[in-house]
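Morning, everyone. Please take a look at the chain on the screen, and then we'll walk through it.

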Amino acid sequence: MLKKIPLRIRFVLVASMFLLVSCVALMLLSNVSAVQMMEVITVAPSISGDSIAMTSLTPASPIDQPYYHIFQRKTAIATAVIVLVGSVATYFASGYVLKPICDLSKEVQKRNIENLGQPIQLPQSADEIRQLTQSFNQMMTDLQRSFSLQKEFSANAAHELRTPLAVMQAKLEIFALSESQNEATLEMVSAMNRQLERLSKLIEDLLWFSKDLSLERREPVPLYPLFCDVVEELSELAKRKSIKINIAETDCYVMGQDRLLERVFYNLLENAVKYSPPHSQVTITAEKEPGLVRIQVADQGDGIPENFREAVFEPFFRVDKSRSRAVGGSGLGLAVCKKILERHHAQITVRPNKPLGSIFKIIFPS
Ligand code: ADP
């Protein structure tokens, strides 16, 4: 139970217990010794004629003496006062002693994936806290290096794969154009093309995911033209499934970088089309409210089960792997959206659409 109490209070409780036990022991000892002393030194005056002589008496038990009761009360009060003052002093002293730990803990809490490599300032003291801070800084530097290596590796791998893939796609296209093909060969070529498309989409997503995605500049980005550009890019995909994408006209704008924001709406609208049945509708709206801009992408697709509504923003998470694979999903699209939106201090959530489908909601501070 003691483990659930903060360290400072635990420290005070333990110190107070020690103080209480020591003071009570001291009080009992002094009481016993007082009784013994009183038995030895109790004397009474005896008057004979004009002279007064001191005669030793055998008193009634010293415990019955009024002085003894006063002494007992005083020692009890002194014990209580010492324990109380000692506990308060321990509370303040422990605050002083634990302050470097509290400061270190606050600094550690400020660390996240973005500022892992930023070292915590070493305290002036040459104690255990300094050692702990040094070890923590070292651990964070190693972690940062390992993260960078991982990112670099996936970025390089994706980059290196892009060129041979493009060459293969081009060669296949030329091969498909030659006249001497029979039906079976053409079918095989088209299947290979589909797989190559999937691969190049995965590589593109990987490249986006391994990018730093930090904002080079922030400028007003008008949303309506941006939505129109993205819808134009996706028109071929939407046409194939006879899906209508509606854009509500708006004069809203957000602060950020258009190239990155375009990727966010591309991924969201592409998902809305990918995961919706043919002949359904997808709608994108933007509204201004006091202090914020709210953007919503609504579809009439399968929707996302409640227990997966946070997990879909994690890298490589897919609600239904086979469905996602069938539509060419990598599981990175929403993770990239989240990463970019975080850089814009915006939040993204998903909730069900009525009667069916999903609504992705993004809130930008304005
Ligand atoms: P993917 O490349 O697989 O689409 P995403 O990160 O874009 O990866 O999405 C993660 C998962 O979330 C998808 O695999 C899919 O299961 C689910 N999902 C995303 N958008 C939608 C949507 N509009 N409707 C239904 N499910 C969706």
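Let me start with a question: where is the place of His 345? His 345 sits in a loop, between helix 9, residues 333-343, and strand 8. Keep in mind that this is a predicted model.

Why start there? Look at the backbone. His 345 has a positive phi of about 60 degrees, although it is not a glycine. The residue is also exposed, with a relative accessible area of 57%. The cut-off for exposed is over 50%, so His 345 qualifies.

There is another histidine to show you. His 279 has a positive phi of about 65 degrees, and it is not a glycine either. Its place is the loop between helix 7, residues 258-274, and strand 6, residues 281-289. His 279 is exposed, because its relative accessible area is 64% and the cut-off is over 50%.

One more backbone point. Which peptide bond is cis? The one from Lys 354 to Pro 355, with omega near 0 degrees. Pro 355 lies in the loop that runs between strand 8, residues 347-352, and strand 9, residues 358-365.

Now step back to the whole chain. We have 9 helices and 9 strands. The C-alpha trace spans about 155 × 45 × 40 Å along its principal axes. The radius of gyration is 39 Å, whereas a compact globule of 366 residues would have one near 21 Å. Buried residues make up 33% of the 366.

The largest nonpolar core has 43 residues. Which of them touch the most other members? Phe 265, Leu 268, Ile 295 and Ile 362. Several elements give two or more residues to this core, including helix 5, residues 223-233, and strand 7, residues 292-298. Helix 7, helix 9 and strands 6, 8 and 9 are also on that list. Helix 7 supplies the largest share, 9 residues.

Zoom in on Ile 295. Leave aside its neighbours within four places in sequence. Ile 295 is then in contact with Leu 223 and Phe 227, among others. Its partners also include Phe 265, Ile 284, Phe 360, Ile 362 and Phe 364.

There is a second, separate core, of 7 residues. Among them are Ala 158, Leu 172, Leu 196 and Ile 203.

Last stop: Val 83. Is it buried or exposed? Buried, because its relative accessible area is 11% and the cut-off is under 20%. Val 83 lies in helix 2, residues 66-110. Which residues is it in contact with, leaving aside neighbours within four places in sequence? Ser 16, Leu 19, Leu 20 and Cys 23.

Now compare a position further along. Thr 250 is 167 residues from Val 83 along the chain. Their C-alpha atoms are separated by 70 Å.

Then find Ile 295 in the largest nonpolar core, and buried Val 83. Thanks, that's all from me.

Technical notes:
Residues are numbered from 1 along each chain as its sequence is written. This is a predicted model: local features need pLDDT of at least 70, side-chain atom pairs count only at pLDDT 80 or more; totals for chains, interfaces and linings use all residues. Side-chain values use heavy atoms; hydrogens and water are left out. Helices (H or I, at least four residues) and strands (E, at least two) are DSSP runs, numbered from the N terminus. The radius of gyration is taken over C-alpha atoms; the globule rule is 2.2 Å times the number of residues to the power 0.38. Buried means under 20% relative accessible area, exposed over 50%, partly exposed in between (1.4 Å probe, protein chains only). Contact means heavy atoms within 4.5 Å. A nonpolar core is a set of buried Ala, Val, Leu, Ile, Met, Phe, Trp, Tyr and Cys residues joined through side-chain atoms within 4.5 Å.
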